[in-house]
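Take a walk through the structure below.

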Amino acid sequence: MEIVVLGAGSLGSLVGGLLAGAHDVTLVGREPHVEAIEADGLEIRGEYDRRVFLRATAEGEGLAADCAVVTVKSFDTPDAAHVLATGEYGAVISLQNGMGNEAVLAGHHDTVLAGTATYGAVRREPGVVDCTGRGEVVLGAPGGGRSSMADRVGEAFRSAGLETTVAADMPRRLWAKLAVNAGINAVTALARVENGAVLEAPAEELVRAAARETARTARAHGVDLSNREAIAATERVADRTAGNESSMRQDVENGRQTEIDAINGYVVDRAEDASVAAPTNRLLAGVIRTWERGRKLR
Ligand SMILES: NC(=O)C1=CN([C@@H]2O[C@H](COP(=O)(O)OP(=O)(O)OC[C@H]3O[C@@H](n4cnc5c(N)ncnc54)[C@H](OP(=O)(O)O)[C@@H]3O)[C@@H](O)[C@H]2O)C=CC1
Ligand SMILES: CC(C)(CO)C(=O)C(=O)O
């Protein structure tokens, strides 16, 4: 399969690099990362030890492929949708965290798939990405139900060795992943700890409360996600990625904008729509947003 990965940062480099073992992959990213990959290939460290050779470019316009995998941050999705609209793709799939990405992409593309990823990835230096935890990709039609394109893309991911499930209940899966990120990301970013730390007191209670509020909000919007399932999913991912620095922790440590609006902020907004209380998500979103404002004032 011909695959373009738009957003060759931590996750995009890892997923693109693994897909390149079985497919014709082009990474779209920034300099000097893409230049290093063009010159010497991409080194995948941590859970893997391999160097892969694949195309990499900083020019995402006008490309064509069977599938485009979107791995930019959620606040860059509108720009990514415009870039992809200049090319031709059989399907566009988001592997991003946060809610709302598929709806933005669907404004520009006919066939959009939803996806979640629990692989841990950190781009260490130009041309090098660390896999800090093997996880799973789940993908399917954004509104639920079966999709032949999802089956095709899922088979392509599996044939490259990525653990992949094609799911017919993506709305539920997206809310479950939202609970995982609402629980883990802001807490690990604020406390500057690895994901495994949220399994212990005192973080444990905070993380469970954020996941529970997310599940309650999902149910208020007609999505069948129990508190127990949301907490279990959060703890399972924290355990499997115990040594990982969450993407939000990486953002805060690098002084970059976070995805708080699409994660805890989204939970707060949807909870408000349905008159559900979400005090823990509100607090976490408020503190991260305060940090983002302070960062701009400096
Ligand atoms: N890292 C992880 O372990 C995981 C991340 N995720 C999710 O995956 C998504 C990506 O996260 P992550 O990889 O950590 O983020 P990164 O910031 O490391 O990667 C995104 C990359 O995309 C680049 N980019 C943005 N727009 C464009 C564009 N138009 N053309 C080319 N490059 C572009 C960014 O460049 P610039 O820096 O210049 O903006 C950046 O290098 C997020 O939604 C995250 O929550 C999900 C699971 C695990
Ligand atoms: C799976 C997890 C929690 C891995 O760290 C992630 O999604 C993230 O960091 O954003």
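The model is predicted.

Start with ligand 1. Its shell holds 22 residues. Leu 11, Arg 30, Asn 97, Ala 121 and Glu 259 are the closest of them. Glu 259 places a polar side-chain atom 2.5 Å from an oxygen atom of ligand 1. Asn 97 also uses its side chain, with a polar atom 2.8 Å from an oxygen atom of the ligand. Leu 11 uses its backbone instead: a polar backbone atom lies 2.8 Å from an oxygen atom of ligand 1. How much of ligand 1 does the protein bury? Taken alone, ligand 1 exposes 890 Å², and the protein buries 86% of that area. Two elements give two or more residues each to this shell: helix H1 (10–19) and strand S9 (120–125). Ten of its residues are polar, seven are nonpolar and five are charged.

Move on to ligand 2. Which residues surround ligand 2? They are Asn 97, Thr 118, Lys 177, Asn 181, Asn 185, Asn 195, Val 237, Asn 244, Ser 246 and Ser 247. The side chain of Asn 97 has an N or O atom 2.7 Å from an oxygen atom of ligand 2. Asn 244 makes a contact of this kind as well, with a side-chain N or O atom 2.6 Å from an oxygen atom of the ligand. For Lys 177, the distance from a polar side-chain atom to an oxygen atom of ligand 2 is 3.2 Å. Ligand 2 exposes 280 Å² when taken alone, and the protein buries 95% of that. Which element gives the most to this shell? Helix H6 does, with three residues. The class count is eight polar, one nonpolar and one charged.

Helix H6 comes up again at the second largest pocket. This pocket has about 410 Å³ of space. It is lined by 18 residues, and those closest to its centre are Glu 136, Arg 173, Ala 176, Ala 233 and Arg 236. Helix H6 (170–191) and helix H8 (227–240) each supply at least two residues of the lining. H8 gives the most, with six residues. By class, the lining has seven charged, seven nonpolar and four polar residues.

Now turn to the backbone. Most peptide bonds are trans, and most residues other than glycine have a negative phi. Where are the exceptions? A cis peptide bond joins Glu 31 and Pro 32, with omega about 0 degrees. Pro 32 sits in the loop between strand S2 (24–28) and helix H2 (33–40). Another cis bond joins Ala 201 and Pro 202, again with omega about 0 degrees. Pro 202 belongs to the loop between H6 and helix H7 (203–220).

That loop, between H6 and H7, also holds Arg 192. Phi of Arg 192 is near 55 degrees, a positive value in a residue other than glycine. Arg 192 counts as partly exposed because its relative accessibility is 41%. Ser 275 has a positive phi too, near 55 degrees. Its place is the loop between helix H10 (264–273) and helix H11 (279–297). Is Ser 275 buried or exposed? Ser 275 has a relative accessible area of 71%, so it is exposed.

The last stop is Thr 214, in helix H7. Its relative accessibility is 0%, so Thr 214 counts as buried. The side chain of Thr 214 has a polar atom 2.7 Å from the backbone oxygen of Ala 210.

Definitions and conventions: Residues are numbered from 1 along each chain as its sequence is written. Chains are lettered from A and ligands numbered from 1 in the order in which they are written. This is a predicted model: local features need pLDDT of at least 70, side-chain atom pairs count only at pLDDT 80 or more; totals for chains, interfaces and linings use all residues. Side-chain values use heavy atoms; hydrogens and water are left out. A residue is near a molecule or strand if one of its heavy atoms lies within 4 Å of it. A polar contact is a pair of N or O atoms within 3.5 Å; within protein, one must be able to donate a hydrogen and the other to accept it, and residues adjacent in sequence count only if both atoms are side-chain atoms. Accessible areas come from the Shrake-Rupley method with a 1.4 Å probe; for residues, only the protein chains shown count as cover. Helices (H or I, at least four residues) and strands (E, at least two) are DSSP runs, numbered from the N terminus. Ala, Val, Leu, Ile, Met, Phe, Trp, Tyr, Cys and Pro count as nonpolar, Asp, Glu, Lys and Arg as charged, and the others, Gly among them, as polar. On a 1 Å grid over the protein atoms alone, a cavity is a set of points where a 1.4 Å probe fits but cannot get out, and a pocket is an open set with protein on both sides within 12 Å along at least five of seven lines; lining residues have an atom within 4 Å of a point. Grid points are joined across faces, edges and corners, and a volume is the space filled by probe spheres set on the points. Buried means under 20% relative accessible area, exposed over 50%, partly exposed in between (1.4 Å probe, protein chains only).
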